[in-house]
Amino acid sequence: MTETSQTVPDRIGPDAWTKVQNMPWTARLALRRRLAWPLVRVQFAWHGVAWGADWKIFGRPTIQRHRGSRIALGDGLTLRSWPRSHPLALTAPVVLSTRRADAVLEIGEDCGFTGTTLVAADRIAIGDRVLVGGNASIVDFDFHPLTPEGRAEAINAGAAAPIVTGNDVFVGMDALVMKGVPIGGGAMVGARSVGTQNVPHAPSGRAIRRW
């Protein structure tokens with residue numbers, strides 16, 4: 001099974017039993033996910049994040065919501081935080097973090113994230129049907145100023161700029177999308193890329209790689 005199909009929400013259909021026969025670990029993961037469901041629901045409620053329809057949450061993500069900020073997650077969401085929930089063997093759980101009072105983290109419908117770090121100090125807006133591969137990061141600010149003088153004055157006052165993606169974007173594993181980078185609909189960010197420039201709309205898929 002490809003990384004893409006591992007990341008999208010599971011579909012219940014007539015071949016579900018065939019899937020279990022061919023990949024028996026998926027039945028164990030589904031059972032574990034359902035057993036963890038009450039605790040995961042409490043976690044999202046505690047952090048003030050509304051629960052959506054048809055979510056599949058494999059393991060508790062790390063949620064750090066600034067109390068003045070907003071995290072809005074669309075229906076059909078899949079989050080994979082358990083290392084055994086994906087063959088890439090995740091190095092960390094999904095992180096949903098807002099760092100400032102006016103920060104916004106918005107995710108559209110039918111999106112999938114595998115060990116992804118999303119950190120917003122300004123605004124991160126993810127379109128519909130966006131898939132993000134294992135251990136990738138989408139971060140819209142620098143955390144710290146880039147000059148010694150700036151860090152001495154305010155260590156956490158890093159520059160921020162919004163990240164907005166179109167629909168049907170794919171971000172490969174271990175990629176880093178940095179502040180102020182818009183990604184057009186249908187675009188593809190290659191594995192281990194460092195995205196520092198605009199990625200245009202690309203219905204047939206477009207890979208970028210920056211080192």
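Colleague: Where is aspartate 54 found?

Modeller: Aspartate 54 lies in the loop between helix H3 (25-46) and strand S1 (56-58). Helices (H or I, at least four residues) and strands (E, at least two) are DSSP runs, numbered from the N terminus. This is a predicted model: local features need pLDDT of at least 70, side-chain atom pairs count only at pLDDT 80 or more, and totals for chains, interfaces and linings use all residues. Residues are numbered from 1 along each chain as its sequence is written, and side-chain values use heavy atoms, without hydrogens or water.

Colleague: Is aspartate 54 buried or exposed, and why?

Modeller: Buried means under 20% relative accessible area, exposed over 50%, and partly exposed in between (1.4 Å probe, protein chains only). Aspartate 54 has 59%, so it counts as exposed. Its phi is positive, about 60°, although it is not a glycine.

Colleague: Why does histidine 47 count as buried?

Modeller: Histidine 47 has 15% relative accessibility, so it counts as buried. Like aspartate 54, histidine 47 belongs to the loop between H3 and S1. It touches Ile63, Arg65 and Arg67, leaving out residues up to four places away in sequence. Touching is contact: heavy atoms within 4.5 Å.

Colleague: How do you know that the length of H3 agrees with its residue count?

Modeller: The expected span is 1.5 Å times one less than the number of residues. H3 has 22 residues, so it should span 32 Å; its end C-alpha atoms are 31 Å apart, which agrees.

Colleague: Where does H3 bend?

Modeller: H3 bends by about 50° at tryptophan 37. The bend is the angle between axes fitted to the seven residues ending there and the seven starting there. Proline 38 follows within four residues. After H3 comes glycine 48, with a positive phi near 70°.

Colleague: Which residues of H3 are buried?

Modeller: They are Thr26, Leu29, Arg33, Val40, Gln43 and Phe44. In the whole chain of 211 residues, 46% are buried.

Colleague: What makes a set of residues a nonpolar core?

Modeller: Its members are buried Ala, Val, Leu, Ile, Met, Phe, Trp, Tyr and Cys residues, joined through side-chain atoms within 4.5 Å. The largest such core here has 34 residues; Leu73, Phe113 and Ile126 have the most contacts inside it. H3, S3, strand S6 (104-107), strand S8 (117-120) and S9 each give two or more residues to this core. Isoleucine 126 touches, among others, Glu106, Cys111, Phe113 and Ile138.

Colleague: Which strands form the open sheet of 4 strands, and in what order?

Modeller: The order is S3-S6-S9-S12, with parallel pairing. Strand S3 (70-73) and strand S12 (163-164) each have a single partner strand, so one side of each is left without a neighbour in the sheet. Strands of a sheet pair through backbone hydrogen bonds, either parallel or antiparallel.

Colleague: How do you know that S9 and S12 pair?

Modeller: Two strands pair if DSSP finds at least two bridges between them. Strand S9 (residues 123-126) and S12 have 2 bridges, in the parallel sense, so they meet the cut-off. Alanine 125 stands opposite valine 164 in S12.
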